Amino acid sequence: MQLLSNLARQFEQIYDTVDVVCVAALVYLVARGWKHLKGHRFGVLALALPVLSYFLLFTFMAGSRVQERYYRPVLPFFVALSALGLHCLTEDIKNRKVVYGILGVIFVGLMVAGLREPVRAHRRPQTEAGLWLKNHDPDYKGFVLSNYSQPVFYAGMRHFDTIGTEELFLELLARGEPFKYMILDGEMDGKEAWAGQYVVEHDWPRIYYNQERDLRIHENPQCGEQTGRQGRQAPDGPLL
Amino acid sequence: MFSKKLAIILVVASVARLWLVFTAAGINSDAFKYALTTERMAEHGLVSGMRGDFFWPYYSVNRRLVVYPFLSSIVYRITGDSILSLRLVSAASGVALIWVLYAIAMELFKQEKIALLSAGLMAFHYEFMRASASVYREVTMALLLAFAFLTFLWTLRAKRTWPLLALLTGLVLFAAFLTRPDGAAIAVALGVTALCVAPGIAWKRRMAICLIMGLAFLALEVPYVLWLKKTSGYWLVNQWQIQRKLTEVQSTRRFLLKEDPVRHATVE
(Lines give C-alpha, C1' and ligand atoms only; values in the text may rest on other atoms or scores of the structure.)
Protein backbone atom coordinates (compact mmCIF):
# COMPACT_ATOMS: atom_id res chain seq x y z
CA MET A 1 0.00 0.00 0.00
CA GLN A 2 2.86 2.32 0.93
CA LEU A 3 4.59 1.52 -2.36
CA LEU A 4 1.42 2.33 -4.30
CA SER A 5 1.12 5.61 -2.46
CA ASN A 6 4.79 6.38 -3.23
CA LEU A 7 4.28 5.57 -6.91
CA ALA A 8 1.24 7.85 -7.11
CA ARG A 9 3.25 10.61 -5.44
CA GLN A 10 6.10 10.19 -7.96
CA PHE A 11 3.74 10.48 -10.93
CA GLU A 12 2.13 13.54 -9.40
CA GLN A 13 5.51 15.24 -8.93
CA ILE A 14 6.72 14.23 -12.38
CA TYR A 15 3.57 15.70 -13.93
CA ASP A 16 4.14 18.97 -12.04
CA THR A 17 7.78 19.08 -13.16
CA VAL A 18 7.31 18.11 -16.78
CA ASP A 19 4.12 20.15 -17.50
CA VAL A 20 1.15 19.32 -19.70
CA VAL A 21 2.79 20.04 -23.09
CA CYS A 22 5.68 17.66 -22.49
CA VAL A 23 3.38 15.00 -21.03
CA ALA A 24 1.21 15.18 -24.17
CA ALA A 25 4.32 14.91 -26.35
CA LEU A 26 5.51 11.90 -24.31
CA VAL A 27 2.15 10.19 -24.82
CA TYR A 28 2.47 10.85 -28.56
CA LEU A 29 5.99 9.39 -28.49
CA VAL A 30 4.70 6.19 -26.91
CA ALA A 31 1.89 5.99 -29.46
CA ARG A 32 3.83 6.80 -32.63
CA GLY A 33 7.50 6.40 -31.79
CA TRP A 34 7.62 2.85 -33.17
CA LYS A 35 6.88 4.21 -36.62
CA HIS A 36 9.09 7.31 -36.80
CA LEU A 37 12.06 6.37 -34.63
CA LYS A 38 13.18 3.12 -36.18
CA GLY A 39 16.94 2.77 -35.72
CA HIS A 40 16.99 5.14 -32.74
CA ARG A 41 16.36 2.57 -30.02
CA PHE A 42 19.67 3.29 -28.28
CA GLY A 43 18.94 7.04 -28.20
CA VAL A 44 15.51 6.57 -26.65
CA LEU A 45 16.80 4.03 -24.10
CA ALA A 46 19.81 6.15 -23.18
CA LEU A 47 17.52 9.14 -22.48
CA ALA A 48 15.02 7.02 -20.54
CA LEU A 49 17.54 5.36 -18.19
CA PRO A 50 18.48 8.50 -16.18
CA VAL A 51 14.78 9.24 -15.74
CA LEU A 52 14.14 5.68 -14.63
CA SER A 53 17.05 5.78 -12.17
CA TYR A 54 15.63 8.93 -10.53
CA PHE A 55 12.16 7.43 -10.46
CA LEU A 56 13.39 4.29 -8.68
CA LEU A 57 15.60 6.27 -6.30
CA PHE A 58 12.80 8.55 -5.16
CA THR A 59 10.16 5.82 -5.08
CA PHE A 60 12.19 3.67 -2.71
CA MET A 61 14.29 6.25 -0.85
CA ALA A 62 12.28 9.46 -0.60
CA GLY A 63 8.72 8.16 -0.99
CA SER A 64 6.15 10.72 0.08
CA ARG A 65 8.78 13.33 0.99
CA VAL A 66 9.65 13.92 -2.65
CA GLN A 67 8.96 17.38 -4.04
CA GLU A 68 8.39 18.52 -7.59
CA ARG A 69 11.77 20.26 -7.80
CA TYR A 70 13.62 17.02 -7.00
CA TYR A 71 12.83 15.84 -10.52
CA ARG A 72 14.13 19.03 -12.18
CA PRO A 73 17.69 17.66 -12.61
CA VAL A 74 16.36 15.02 -15.03
CA LEU A 75 13.98 17.43 -16.78
CA PRO A 76 16.38 17.75 -19.77
CA PHE A 77 15.95 14.02 -20.41
CA PHE A 78 12.17 14.33 -20.19
CA VAL A 79 12.35 17.31 -22.54
CA ALA A 80 14.50 15.44 -25.08
CA LEU A 81 12.00 12.57 -25.04
CA SER A 82 9.13 15.05 -25.43
CA ALA A 83 10.95 16.60 -28.39
CA LEU A 84 10.94 13.14 -29.97
CA GLY A 85 7.16 13.07 -29.46
CA LEU A 86 6.85 16.46 -31.17
CA HIS A 87 9.08 15.16 -33.96
CA CYS A 88 6.68 12.24 -34.49
CA LEU A 89 3.77 14.70 -34.55
CA THR A 90 5.43 16.88 -37.19
CA GLU A 91 6.16 13.78 -39.28
CA ASP A 92 2.50 12.75 -39.14
CA ILE A 93 1.20 16.15 -40.25
CA LYS A 94 2.03 16.73 -43.89
CA ASN A 95 0.93 20.38 -44.09
CA ARG A 96 3.97 22.48 -43.06
CA LYS A 97 1.86 25.53 -42.23
CA VAL A 98 -0.15 23.52 -39.69
CA VAL A 99 3.10 22.18 -38.18
CA TYR A 100 4.59 25.67 -37.80
CA GLY A 101 1.28 26.90 -36.39
CA ILE A 102 1.19 24.18 -33.71
CA LEU A 103 4.85 24.70 -32.77
CA GLY A 104 4.33 28.49 -32.67
CA VAL A 105 1.34 28.15 -30.32
CA ILE A 106 3.29 25.75 -28.06
CA PHE A 107 6.41 27.90 -27.79
CA VAL A 108 4.62 31.25 -27.47
CA GLY A 109 2.22 29.72 -24.91
CA LEU A 110 5.12 28.37 -22.83
CA MET A 111 6.92 31.72 -23.04
CA VAL A 112 3.86 33.68 -21.89
CA ALA A 113 3.27 31.21 -19.03
CA GLY A 114 6.91 31.57 -17.95
CA LEU A 115 6.86 35.36 -17.95
CA ARG A 116 3.36 35.74 -16.47
CA GLU A 117 4.50 37.32 -13.18
CA PRO A 118 7.73 38.04 -11.29
CA VAL A 119 9.49 35.06 -9.72
CA ARG A 120 8.34 34.44 -6.11
CA ALA A 121 5.79 37.26 -6.24
CA HIS A 122 3.97 35.74 -3.25
CA ARG A 123 7.11 36.30 -1.15
CA ARG A 124 7.28 40.05 -1.84
CA PRO A 125 5.74 40.95 1.59
CA GLN A 126 8.58 39.05 3.32
CA THR A 127 11.20 40.97 1.34
CA GLU A 128 9.48 44.26 2.17
CA ALA A 129 9.17 43.37 5.87
CA GLY A 130 12.87 42.50 6.04
CA LEU A 131 13.91 45.72 4.33
CA TRP A 132 11.59 47.68 6.64
CA LEU A 133 13.20 46.07 9.70
CA LYS A 134 16.67 46.83 8.37
CA ASN A 135 15.69 50.47 7.92
CA HIS A 136 14.01 50.48 11.35
CA ASP A 137 17.07 49.15 13.20
CA PRO A 138 20.17 49.19 10.98
CA ASP A 139 22.57 48.59 13.88
CA TYR A 140 21.09 45.33 15.21
CA LYS A 141 22.79 42.22 13.79
CA GLY A 142 21.73 39.67 16.44
CA PHE A 143 19.15 36.90 16.57
CA VAL A 144 15.60 37.20 15.28
CA LEU A 145 13.21 34.37 16.00
CA SER A 146 11.18 33.70 12.85
CA ASN A 147 9.26 30.90 11.17
CA TYR A 148 10.57 32.11 7.79
CA SER A 149 14.17 32.98 7.06
CA GLN A 150 13.59 35.48 4.23
CA PRO A 151 12.62 38.61 6.19
CA VAL A 152 15.48 38.05 8.64
CA PHE A 153 17.97 37.73 5.77
CA TYR A 154 16.77 40.95 4.16
CA ALA A 155 16.94 42.67 7.56
CA GLY A 156 20.63 41.71 7.74
CA MET A 157 20.08 39.89 11.06
CA ARG A 158 20.63 36.30 12.28
CA HIS A 159 17.85 33.81 11.77
CA PHE A 160 16.72 31.53 14.60
CA ASP A 161 14.02 29.03 13.66
CA THR A 162 10.80 28.65 15.65
CA ILE A 163 10.17 24.94 15.00
CA GLY A 164 10.67 22.97 18.21
CA THR A 165 13.08 25.48 19.69
CA GLU A 166 11.14 26.81 22.69
CA GLU A 167 13.37 25.21 25.32
CA LEU A 168 16.56 26.35 23.61
CA PHE A 169 15.19 29.87 23.06
CA LEU A 170 14.28 30.26 26.74
CA GLU A 171 17.67 28.93 27.80
CA LEU A 172 19.53 31.34 25.54
CA LEU A 173 17.31 34.23 26.65
CA ALA A 174 18.06 33.39 30.30
CA ARG A 175 21.77 33.41 29.50
CA GLY A 176 21.47 36.95 28.15
CA GLU A 177 21.40 36.24 24.41
CA PRO A 178 19.58 39.25 22.93
CA PHE A 179 16.54 38.23 20.89
CA LYS A 180 15.34 41.66 19.90
CA TYR A 181 12.65 40.77 17.37
CA MET A 182 10.26 37.98 16.53
CA ILE A 183 8.75 37.70 13.05
CA LEU A 184 5.62 35.59 12.76
CA ASP A 185 4.24 34.83 9.31
CA GLY A 186 0.78 33.30 8.92
CA GLU A 187 -0.80 30.80 11.25
CA MET A 188 1.55 29.39 13.87
CA ASP A 189 0.67 25.82 14.72
CA GLY A 190 2.28 22.50 15.62
CA LYS A 191 5.90 22.75 16.75
CA GLU A 192 6.00 26.53 16.25
CA ALA A 193 2.73 27.44 18.02
CA TRP A 194 4.67 28.32 21.17
CA ALA A 195 6.19 31.42 19.51
CA GLY A 196 2.78 32.97 18.83
CA GLN A 197 1.70 32.29 22.42
CA TYR A 198 4.98 33.65 23.80
CA VAL A 199 4.62 37.14 22.26
CA VAL A 200 1.08 37.42 23.62
CA GLU A 201 1.94 36.16 27.11
CA HIS A 202 5.02 38.40 27.40
CA ASP A 203 3.50 41.49 25.77
CA TRP A 204 5.91 41.86 22.87
CA PRO A 205 4.37 44.79 20.98
CA ARG A 206 3.71 44.47 17.27
CA ILE A 207 5.68 47.08 15.34
CA TYR A 208 4.92 45.98 11.78
CA TYR A 209 2.02 44.23 10.11
CA ASN A 210 1.37 43.00 6.58
CA GLN A 211 -2.19 41.93 5.92
CA GLU A 212 -1.48 39.96 2.73
CA ARG A 213 0.52 37.28 4.58
CA ASP A 214 -0.60 38.08 8.13
CA LEU A 215 3.07 38.87 8.79
CA ARG A 216 3.85 40.45 12.16
CA ILE A 217 7.08 41.84 13.57
CA HIS A 218 7.18 41.95 17.37
CA GLU A 219 9.83 43.70 19.42
CA ASN A 220 11.23 42.41 22.70
CA PRO A 221 9.94 45.02 25.24
CA GLN A 222 13.17 44.82 27.26
CA CYS A 223 15.27 45.65 24.21
CA GLY A 224 12.69 48.25 23.11
CA GLU A 225 12.96 50.08 26.43
CA GLN A 226 16.72 50.13 26.10
CA THR A 227 16.67 51.59 22.61
CA GLY A 228 13.57 53.76 23.00
CA ARG A 229 12.14 52.39 19.78
CA GLN A 230 9.04 50.85 21.29
CA GLY A 231 5.86 52.51 20.16
CA ARG A 232 6.97 53.53 16.67
CA GLN A 233 3.98 53.41 14.32
CA ALA A 234 3.96 50.47 11.91
CA PRO A 235 3.55 51.50 8.25
CA ASP A 236 1.01 48.88 7.32
CA GLY A 237 -1.24 48.49 10.33
CA PRO A 238 -1.96 49.56 13.90
CA LEU A 239 0.14 48.83 16.97
CA LEU A 240 -1.28 46.28 19.34
CA MET B 1 27.44 21.82 -33.08
CA PHE B 2 25.85 25.18 -33.61
CA SER B 3 23.40 26.81 -35.97
CA LYS B 4 21.77 30.18 -36.58
CA LYS B 5 18.42 28.84 -35.37
CA LEU B 6 20.00 27.65 -32.13
CA ALA B 7 21.63 31.07 -31.69
CA ILE B 8 18.19 32.73 -31.94
CA ILE B 9 16.78 30.33 -29.33
CA LEU B 10 19.73 31.05 -27.02
CA VAL B 11 19.34 34.83 -27.35
CA VAL B 12 15.57 34.76 -26.67
CA ALA B 13 16.06 32.36 -23.73
CA SER B 14 18.80 34.57 -22.26
CA VAL B 15 16.68 37.73 -22.51
CA ALA B 16 13.68 35.98 -20.89
CA ARG B 17 15.80 34.66 -18.02
CA LEU B 18 17.51 38.00 -17.43
CA TRP B 19 14.11 39.72 -17.33
CA LEU B 20 12.96 37.22 -14.70
CA VAL B 21 16.20 37.62 -12.71
CA PHE B 22 15.94 41.40 -12.52
CA THR B 23 12.20 41.48 -11.74
CA ALA B 24 12.25 38.67 -9.11
CA ALA B 25 10.26 39.62 -6.01
CA GLY B 26 11.43 37.20 -3.34
CA ILE B 27 13.40 34.13 -2.38
CA ASN B 28 12.59 30.62 -1.15
CA SER B 29 13.28 29.37 2.36
CA ASP B 30 16.72 27.85 1.70
CA ALA B 31 18.00 30.76 -0.40
CA PHE B 32 19.44 32.74 2.50
CA LYS B 33 21.67 29.79 3.42
CA TYR B 34 23.09 29.71 -0.10
CA ALA B 35 23.47 33.50 0.02
CA LEU B 36 25.43 33.42 3.28
CA THR B 37 27.54 30.51 2.01
CA THR B 38 28.26 32.45 -1.18
CA GLU B 39 29.37 35.50 0.79
CA ARG B 40 31.49 33.36 3.11
CA MET B 41 33.22 31.60 0.20
CA ALA B 42 33.89 34.90 -1.58
CA GLU B 43 35.29 36.58 1.52
CA HIS B 44 37.03 33.74 3.39
CA GLY B 45 37.63 31.04 0.77
CA LEU B 46 36.04 27.79 -0.34
CA VAL B 47 36.90 25.68 2.72
CA SER B 48 35.60 28.31 5.14
CA GLY B 49 32.26 28.19 3.32
CA MET B 50 32.23 24.41 3.59
CA ARG B 51 32.32 24.63 7.37
CA GLY B 52 28.91 25.09 8.94
CA ASP B 53 29.36 27.24 12.00
CA PHE B 54 28.15 30.55 10.63
CA PHE B 55 24.37 30.26 10.34
CA TRP B 56 21.43 28.40 11.85
CA PRO B 57 21.46 25.53 12.75
CA TYR B 58 25.29 25.62 13.08
CA TYR B 59 26.11 22.15 11.84
CA SER B 60 29.81 21.36 12.10
CA VAL B 61 29.92 21.20 8.29
CA ASN B 62 27.74 23.34 6.02
CA ARG B 63 24.75 21.25 4.95
CA ARG B 64 24.59 23.28 1.71
CA LEU B 65 26.58 21.40 -0.92
CA VAL B 66 29.56 23.12 -2.47
CA VAL B 67 29.25 23.62 -6.22
CA TYR B 68 26.31 26.02 -6.53
CA PRO B 69 27.42 28.53 -3.87
CA PHE B 70 31.04 28.25 -5.04
CA LEU B 71 30.09 29.26 -8.60
CA SER B 72 28.01 32.09 -7.14
CA SER B 73 30.92 33.26 -5.00
CA ILE B 74 32.87 33.91 -8.22
CA VAL B 75 30.04 36.04 -9.62
CA TYR B 76 29.61 37.71 -6.20
CA ARG B 77 33.05 39.27 -6.54
CA ILE B 78 31.66 41.21 -9.52
CA THR B 79 28.08 41.93 -8.43
CA GLY B 80 28.51 42.28 -4.64
CA ASP B 81 24.98 40.87 -4.24
CA SER B 82 24.76 37.23 -3.18
CA ILE B 83 21.13 36.64 -4.18
CA LEU B 84 21.67 38.23 -7.60
CA SER B 85 24.83 36.11 -8.04
CA LEU B 86 22.93 32.92 -7.25
CA ARG B 87 20.17 33.87 -9.69
CA LEU B 88 22.73 34.66 -12.40
CA VAL B 89 24.41 31.27 -11.94
CA SER B 90 21.00 29.59 -12.30
CA ALA B 91 20.24 31.66 -15.41
CA ALA B 92 23.63 30.92 -17.00
CA SER B 93 23.19 27.22 -16.22
CA GLY B 94 19.71 27.30 -17.75
CA VAL B 95 21.01 28.85 -20.98
CA ALA B 96 24.07 26.57 -21.19
CA LEU B 97 21.76 23.60 -20.73
CA ILE B 98 19.95 24.50 -23.97
CA TRP B 99 23.16 24.06 -25.96
CA VAL B 100 24.07 20.86 -24.08
CA LEU B 101 20.67 19.34 -24.85
CA TYR B 102 21.00 20.37 -28.49
CA ALA B 103 24.39 18.62 -28.60
CA ILE B 104 22.97 15.49 -26.90
CA ALA B 105 20.13 15.27 -29.43
CA MET B 106 22.55 15.75 -32.35
CA GLU B 107 24.83 13.07 -30.91
CA LEU B 108 22.01 10.56 -30.45
CA PHE B 109 19.75 11.21 -33.45
CA LYS B 110 21.91 13.10 -36.00
CA GLN B 111 18.90 15.23 -37.00
CA GLU B 112 18.92 18.98 -36.50
CA LYS B 113 15.13 19.12 -36.36
CA ILE B 114 15.04 16.92 -33.25
CA ALA B 115 17.94 18.86 -31.72
CA LEU B 116 16.18 22.21 -32.32
CA LEU B 117 12.90 20.89 -30.90
CA SER B 118 14.79 19.75 -27.78
CA ALA B 119 16.56 23.10 -27.45
CA GLY B 120 13.32 25.03 -28.02
CA LEU B 121 11.34 23.02 -25.45
CA MET B 122 14.18 23.39 -22.94
CA ALA B 123 14.46 27.13 -23.58
CA PHE B 124 10.75 27.87 -23.15
CA HIS B 125 9.71 25.25 -20.60
CA TYR B 126 7.90 27.66 -18.30
CA GLU B 127 8.65 26.11 -14.91
CA PHE B 128 12.29 25.59 -15.77
CA MET B 129 12.56 29.12 -17.14
CA ARG B 130 11.29 30.44 -13.82
CA ALA B 131 13.55 28.09 -11.85
CA SER B 132 16.47 29.44 -13.92
CA ALA B 133 15.86 32.85 -12.39
CA SER B 134 15.51 31.53 -8.84
CA VAL B 135 17.88 30.43 -6.12
CA TYR B 136 17.63 26.72 -6.89
CA ARG B 137 20.58 24.37 -7.25
CA GLU B 138 18.45 22.02 -9.40
CA VAL B 139 19.16 24.04 -12.56
CA THR B 140 22.93 23.82 -12.07
CA MET B 141 22.44 20.15 -11.22
CA ALA B 142 20.50 19.59 -14.46
CA LEU B 143 23.33 21.22 -16.42
CA LEU B 144 25.96 19.01 -14.75
CA LEU B 145 23.96 15.81 -15.29
CA ALA B 146 23.27 16.67 -18.92
CA PHE B 147 26.94 17.58 -19.47
CA ALA B 148 28.06 14.31 -17.84
CA PHE B 149 25.66 12.50 -20.15
CA LEU B 150 27.07 14.34 -23.19
CA THR B 151 30.70 13.57 -22.30
CA PHE B 152 29.60 9.96 -21.71
CA LEU B 153 28.14 9.80 -25.24
CA TRP B 154 31.40 11.23 -26.60
CA THR B 155 33.25 8.54 -24.60
CA LEU B 156 31.26 5.82 -26.37
CA ARG B 157 31.98 7.30 -29.82
CA ALA B 158 35.60 8.48 -29.50
CA LYS B 159 38.32 6.23 -30.91
CA ARG B 160 41.41 7.57 -29.16
CA THR B 161 40.36 10.07 -26.50
CA TRP B 162 37.74 7.89 -24.78
CA PRO B 163 39.81 7.33 -21.58
CA LEU B 164 40.15 11.08 -21.14
CA LEU B 165 36.47 11.61 -21.81
CA ALA B 166 35.53 8.86 -19.33
CA LEU B 167 37.76 10.62 -16.78
CA LEU B 168 35.99 13.91 -17.49
CA THR B 169 32.59 12.20 -17.08
CA GLY B 170 33.61 10.88 -13.65
CA LEU B 171 34.77 14.34 -12.56
CA VAL B 172 31.55 16.00 -13.76
CA LEU B 173 29.54 13.34 -11.91
CA PHE B 174 31.44 14.22 -8.75
CA ALA B 175 30.59 17.90 -9.28
CA ALA B 176 26.94 16.86 -9.68
CA PHE B 177 27.17 14.80 -6.47
CA LEU B 178 28.38 17.95 -4.71
CA THR B 179 25.38 19.85 -6.02
CA ARG B 180 22.65 17.37 -5.09
CA PRO B 181 23.32 13.95 -3.54
CA ASP B 182 20.87 12.19 -5.89
CA GLY B 183 23.41 12.71 -8.69
CA ALA B 184 24.70 9.26 -7.76
CA ALA B 185 21.61 7.75 -9.42
CA ILE B 186 22.81 9.00 -12.80
CA ALA B 187 26.17 7.30 -12.31
CA VAL B 188 24.25 4.02 -12.04
CA ALA B 189 22.25 4.85 -15.19
CA LEU B 190 25.44 5.62 -17.14
CA GLY B 191 27.05 2.41 -15.88
CA VAL B 192 24.06 0.35 -17.04
CA THR B 193 24.07 2.16 -20.39
CA ALA B 194 27.78 1.46 -20.90
CA LEU B 195 27.53 -2.19 -19.89
CA CYS B 196 24.19 -3.27 -21.32
CA VAL B 197 22.76 -0.78 -23.82
CA ALA B 198 25.56 0.87 -25.83
CA PRO B 199 25.84 -0.82 -29.23
CA GLY B 200 28.98 -2.03 -31.02
CA ILE B 201 31.55 -1.66 -28.21
CA ALA B 202 33.91 -4.40 -27.05
CA TRP B 203 33.36 -5.76 -23.53
CA LYS B 204 36.86 -4.79 -22.39
CA ARG B 205 36.22 -1.19 -23.33
CA ARG B 206 32.79 -1.16 -21.67
CA MET B 207 34.41 -2.32 -18.42
CA ALA B 208 37.28 0.16 -18.80
CA ILE B 209 34.87 3.08 -19.27
CA CYS B 210 33.01 2.20 -16.06
CA LEU B 211 36.27 1.70 -14.17
CA ILE B 212 37.77 5.03 -15.26
CA MET B 213 34.55 6.92 -14.45
CA GLY B 214 34.47 5.28 -11.01
CA LEU B 215 38.14 5.96 -10.26
CA ALA B 216 37.85 9.61 -11.35
CA PHE B 217 34.88 10.00 -9.00
CA LEU B 218 36.70 8.31 -6.10
CA ALA B 219 39.88 10.32 -6.66
CA LEU B 220 37.98 13.38 -5.41
CA GLU B 221 35.46 11.67 -3.14
CA VAL B 222 38.01 9.94 -0.89
CA PRO B 223 39.89 13.11 0.20
CA TYR B 224 36.53 14.83 0.59
CA VAL B 225 35.24 12.08 2.91
CA LEU B 226 38.45 12.28 4.98
CA TRP B 227 38.03 16.07 5.29
CA LEU B 228 34.42 15.55 6.43
CA LYS B 229 35.53 13.07 9.08
CA LYS B 230 38.21 15.44 10.33
CA THR B 231 35.88 18.45 10.40
CA SER B 232 32.65 16.93 11.70
CA GLY B 233 33.82 13.81 13.53
CA TYR B 234 31.44 11.65 11.49
CA TRP B 235 31.91 9.38 8.48
CA LEU B 236 29.80 11.08 5.80
CA VAL B 237 29.71 10.66 2.01
CA ASN B 238 28.77 14.32 1.62
CA GLN B 239 27.93 17.37 3.74
CA TRP B 240 24.18 16.95 3.26
CA GLN B 241 24.28 13.82 5.43
CA ILE B 242 25.18 15.79 8.56
CA GLN B 243 21.46 16.35 9.20
CA ARG B 244 21.11 12.61 9.72
CA LYS B 245 23.67 12.67 12.52
CA LEU B 246 22.40 15.69 14.45
CA THR B 247 19.03 17.42 14.70
CA GLU B 248 18.89 21.18 14.20
CA VAL B 249 18.35 21.78 17.91
CA GLN B 250 21.21 19.45 18.87
CA SER B 251 23.63 21.19 16.53
CA THR B 252 22.52 24.63 17.71
CA ARG B 253 23.03 23.58 21.34
CA ARG B 254 26.46 22.22 20.41
CA PHE B 255 27.48 25.54 18.88
CA LEU B 256 25.80 28.16 21.08
CA LEU B 257 25.88 26.35 24.42
CA LYS B 258 29.04 24.32 23.72
CA GLU B 259 27.26 21.15 24.77
CA ASP B 260 27.87 17.53 23.89
CA PRO B 261 25.14 16.70 21.34
CA VAL B 262 24.90 13.07 22.44
CA ARG B 263 23.61 14.08 25.90
CA HIS B 264 20.73 15.96 24.27
CA ALA B 265 19.70 13.28 21.82
CA THR B 266 16.09 13.40 23.04
CA VAL B 267 15.59 17.16 22.74
CA GLU B 268 13.37 16.93 19.63
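User: What makes β3(A) and β5(A) count as a pair?

Analyst: They're joined by five bridges, in the antiparallel sense. Two strands pair if DSSP finds at least two bridges between them, so five bridges qualify. Within that pairing, A:Leu184 sits opposite A:Arg216 of β5(A). Bear in mind that this is a predicted model, where local features need pLDDT of at least 70, side-chain atom pairs count only at pLDDT 80 or more, and totals for chains, interfaces and linings use all residues. As for bookkeeping, residues are numbered from 1 along each chain as its sequence is written, chains are lettered from A and ligands numbered from 1 in the order in which they are written, and side-chain values use heavy atoms, with hydrogens and water left out.

User: Why is β3(A) called mostly covered?

Analyst: Seven of its seven residues are buried, where buried means under 20% relative accessible area, exposed over 50% and partly exposed in between (1.4 Å probe, protein chains only). β3(A) covers residues 179-185 and also pairs with β1(A), residues 143-146, in the parallel sense over four bridges. There, A:Leu145 has A:Met182 as its bridge partner.

User: What makes β2 and β4 of chain A edge strands?

Analyst: The order of the open, five-stranded sheet is β2-β1-β3-β5-β4, with mixed pairing. β2 (158-161) and β4 each pair on one side only. The twist from one strand to the next averages 20°. For β4(A), the partner is β5(A), residues 215-219, in the antiparallel sense over four bridges, and A:Tyr209 has A:Arg216 as its bridge partner. In the hairpin of β4(A) and β5(A), four residues lie between the strands, and A:Asp214 takes a positive phi near 55°.

User: How do you know whether β4(A) is mostly covered or exposed?

Analyst: Count the residues: five of its five, 206-210, are buried, and β4(A) is mostly covered.

User: How do you describe the packing of α3(A) and α6(B)?

Analyst: Two packed helices are described by the angle between their axes and the distance between the axes. For α3(A), residues 75-92, and α6(B), residues 112-124, the angle is about 125° and the axes are 8 Å apart. That makes the two helices oblique to each other: under 35 degrees counts as roughly parallel, over 145 as roughly antiparallel, 65 to 115 as roughly perpendicular and the rest as oblique. Their crossing is right-handed.

User: Which residues in α6(B) does α3(A) meet?

Analyst: B:Lys113, B:Ile114, B:Leu117, B:Ser118, B:Leu121 and B:Met122 are met by α3(A) residues including A:Leu75, A:Val79, A:Leu86 and A:Glu91.

User: Why does B:Thr169 count as buried?

Analyst: Its relative accessibility is 0%, and that value makes it buried. B:Thr169 is in helix α9(B), residues 162-177. Setting aside residues up to four places away in sequence, B:Thr169 touches B:Ala148, B:Thr151, B:Phe152, B:Thr155, B:Leu190 and B:Met213, contact being heavy atoms within 4.5 Å.

User: And what makes B:Tyr58 buried?

Analyst: B:Tyr58 has 1% relative accessibility, which counts as buried. B:Tyr58 is in the loop between α3 (46-50) and α4 (67-79) of chain B. Leaving aside neighbours within four places in sequence, its contacts include A:Phe143 and A:Arg158 from chain A, plus B:Gly52, B:Asp53 and B:Phe255. The C-alpha atoms of B:Tyr58 and B:Val249 are separated by 9.3 Å, with the two residues 191 apart along the chain.

Note on methods: Axes are lines fitted to C-alpha atoms, for helices over the stretch in contact, and angles run from 0 to 180 degrees between N-to-C directions. A crossing is left-handed if the near helix is turned anticlockwise from the far one by less than a right angle, and right-handed if clockwise.
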